[in-house]
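Subject: Structure for you to look at

Hello,

Here is the structure I promised to pass on. Please open it first, then read my notes below.

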Protein chains: 2
Amino acid sequence: MRFELTILGCGSALPANGRNPSSQILRTDKEMVMIDCGEGTQTRMRRYGLKMQSIDIICISHMHGDHYLGLPGLLSSSNLLGRKKEMTIIGPPGIQEMLEMHCRHAGMRFAFPIHYVQTGAKGGDIEMQTKSLRIQGFPLDHKIATTGFRFTEKPRPRRLDPSALERYEVPLKVRGAIARGEDYIRDDGKRIPNETLSSAPRAPRSYAYCSDTAYLESVVEQVHACDALYHECTFMESEKERAERTRHSTAKQAAAIAKEAKVGRLLMGHYSARYDDLRPLLDEARSVFAESHLSEEGMSIDFHRM
Amino acid sequence: MRFELTILGCGSALPANGRNPSSQILRTDKEMVMIDCGEGTQTRMRRYGLKMQSIDIICISHMHGDHYLGLPGLLSSSNLLGRKKEMTIIGPPGIQEMLEMHCRHAGMRFAFPIHYVQTGAKGGDIEMQTKSLRIQGFPLDHKIATTGFRFTEKPRPRRLDPSALERYEVPLKVRGAIARGEDYIRDDGKRIPNETLSSAPRAPRSYAYCSDTAYLESVVEQVHACDALYHECTFMESEKERAERTRHSTAKQAAAIAKEAKVGRLLMGHYSARYDDLRPLLDEARSVFAESHLSEEGMSIDFHRM
């Protein structure tokens with residue numbers, strides 16, 4: 001049972017202080033999802049031992065270069081390495097247009113199918129079920145249409161109690177129904193309540209990604225009670241006007257969203273190049289929400305061990 | 001007097017063995033020229049202490065991703081850092097189309113002028129004079145239109161001999177004419193030959209870049225007698241058929257071009273990801289042309305000290 005996030009880049013537009021542009025990998029037992037794909041992401045996947053051929057789904061938040069410019073190179077490399085497996089790409093319509101232009105000029109085509117899922121004209125406006133996840137997209141408040149994403153594990157079957165199953169002589173053929181929550185009715189008509197035979201599964205884990213965005217009240221509902229929220233904090237409060245003008249958030253604002261939404265923890269990221277030392281951003285966020293943490297390149301979080 | 005080349009990346013399409021895609025910087029006293037701009041080039045400029053704001057001219061050989069995908073990010077960063085100075089971009093028409101699409105989707109425009117110089121439909125077909133260079137583009141033989149470049153220092157003035165100028169009492173106002181090669185005619189009508197007053201300047205240095213291309217006989221003439229030739233050698237002779245099919249060269253073919261063209265030295269590069277150890281490629285090239293050398297990321301060559 002896996003629900004694991006790896007940070008590949010958490011800088012903002014300018015590559016500086018050794019930080020790279022946005023990209024993350026979310027892995028379950030059944031799927032690998034990439035979230036944003038800034039320039040150089042394929043090289044960082046290699047560095048962290050992640051196989052690009054394993055990616056099933058790529059979510060792109062918006063069309064600023066530090067969130068998508070690694071995509072044509074990553075897909076071209078996948079192609080050269082012989083990928084045949086379908087790739088789902090969730091993002092603004094410009095992504096498809098850009099990739100098609102790249103192929104046309106390069107005189108190539110991808111030898112694997114790409115299934116495009118377009119986010120809305122104002123961002124968000126998608127909801128889909130994959131093998132192991134529910135993916136919801138919601139609009140953020142940035143200079144161009146931008147989508148926040150929430151990833152939630154699909155509900156798991158109830159956990160059967162082997163000794164109880166034996167005690168009540170439950171036949172194999174009805175065990176699937178019991179895992180789905182049904183009671184067991186014996187041949188003599190007696191009902192054995194489901195709770196006697198099974199226990200509740202682990203609660204589905206949930207992760208939300210909000211980058212880039214100004215402080216936006218509606219995000220609170222969208223990310224409510226998720227186990228971890230990655231929320232951009234490009235600036236500190238001392239640069240609040242700049243944050244407002246560029247439609248970015250401050251560390252304090254990100255923490256306020258996290259607090260109001262009662263999330264498990266806040267992952268801070270998308271730091272402006274002006275901040276070499278990130279401790280002041282962390283202190284600012286923690287003054288509002290104690291469970292604030294700095295994202296760092298290469299960091300992995302196993303949601304089932306949080 | 002500077003004519004210095006720095007290698008920023010000399011791998012081929014797949015980032016592997018720690019190698020990065022194509023990019024180089026050529027610097028004179030007056031100008032900085034970038035040659036190709038694969039993904040991640042802006043990060044490598046930073047690593048080697050090169051300022052992207054100093055770039056005057058960018059030459060793009062062709063529209064395969066490993067030669068141009070770093071360009072939109074590099075220009076976007078330049079823009080964010082406040083660039084106002086004009087940028088000249090020499091390359092296929094697709095470069096302009098791609099950059100304009102990037103700006104449109106990102107809702108931005110570059111705050112500095114870009115002067116596009118388009119290479120021909122079959123590659124090459126350009127010749128221009130810059131402050132310190134003559135830049136010539138010629139067609140290569142690749143899967144899509146690809147341009148090879150030759151960069152030649154502009155001829156320098158002759159070197160004046162201060163003691164001879166004094167001995168013949170040459171007035172200041174005619175010294176410019178003497179540096180241009182004219183004789184000095186004294187008021188009494190006597191002619192002092194130019195060679196008495198000045199000596200020949202250093203020969204203009206010349207550098208040629210050929211990537212990507214199959215073996216192409218016409219390249220010999222284009223790069224004749226240049227001080228250094230960067231010629232791709234994606235494969236070894238043992239992969240000659242693959243080289244032929246993908247329109248790339250072998251190390252032996254690159255060396256044959258260098259030998260026929262009587263260049264000063266061959267810089268090998270664009271190595272296939274299949275070669276971790278490059279020594280066999282070097283040996284193969286040296287069996288044909290002794291002055292073959294492996295390009296390495298971060299390597300600089302001062303042409304006036306070769």
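What covers the buried residues of α4(A)? Keep in mind that this is a predicted model. The cover includes α2 (65-68), α3 (71-80), β5 (87-91) and β6 (114-118) of chain A. Chain B takes part too, with its α2 (65-68) and α4 (93-106).

Now look at the helix itself. α4(A) runs over residues 93-106, which makes 14 residues. At 1.5 Å a residue, the helix should span 20 Å. Its end C-alpha atoms are 20 Å apart, so the two values agree. The buried residues of α4(A) are A:Gly94, A:Ile95, A:Met98, A:Leu99, A:Met101, A:His102, A:Cys103, A:His105 and A:Ala106. When you read such a list, remember that an α-helix has 3.6 residues a turn, so residues three or four places apart point the same way. After α4(A) comes A:Gly107, with a positive phi near 65 degrees.

Next, a helix pair in chain A. Helix α10 (residues 251-260) packs against helix α11 (residues 279-286) at an angle of about 40 degrees. Their axes are 8 Å apart. The crossing of α10(A) and α11(A) is right-handed. On the α10(A) side, the contact is made by A:Ala251, A:Lys252 and A:Ala255. On the α11(A) side, A:Leu281, A:Glu284 and A:Ala285 make it. The contact residues divide into four nonpolar and two charged, with no polar ones.

Then the cysteines. How many disulfides are there over all chains? The count comes to zero. Take A:Cys59 as a case. The closest cysteine sulfur to its own is in A:Cys37, 12 Å away. A disulfide needs the two sulfur atoms within 2.5 Å, so 12 Å is too far for a bond. A:Cys59 is also buried, with a relative accessible area of 0%. In chain B, B:Cys59 is in no disulfide. The nearest cysteine sulfur there, that of B:Cys37, is 12 Å away. B:Cys59 is buried as well, with a relative accessible area of 0%.

Is B:Arg279 buried or partly exposed? It counts as partly exposed, because its relative accessibility is 45% and buried means under 20%. B:Arg279 and B:Thr43 are 236 residues apart along the chain. Their C-alpha atoms are separated by 28 Å.

Best wishes

Note on methods. Residues numbered from 1 in each chain as written. Chains lettered and ligands numbered in written order. Predicted model: local features only at pLDDT ≥ 70, side-chain atom pairs only at ≥ 80, totals over all residues. Heavy atoms only, no water. Helix = DSSP H or I, 4+ residues; strand = E, 2+ residues; numbered from the N terminus. Expected span 1.5 Å × (residues − 1). Buried < 20%, exposed > 50% of the residue type's maximum accessible area, 1.4 Å probe, protein only. Contact = heavy atoms within 4.5 Å. Axes fitted to C-alpha atoms, helices over the stretch in contact; angles between N-to-C directions. Left-handed = near helix turned anticlockwise from the far one by under 90°. Nonpolar A, V, L, I, M, F, W, Y, C, P; charged D, E, K, R; others polar.
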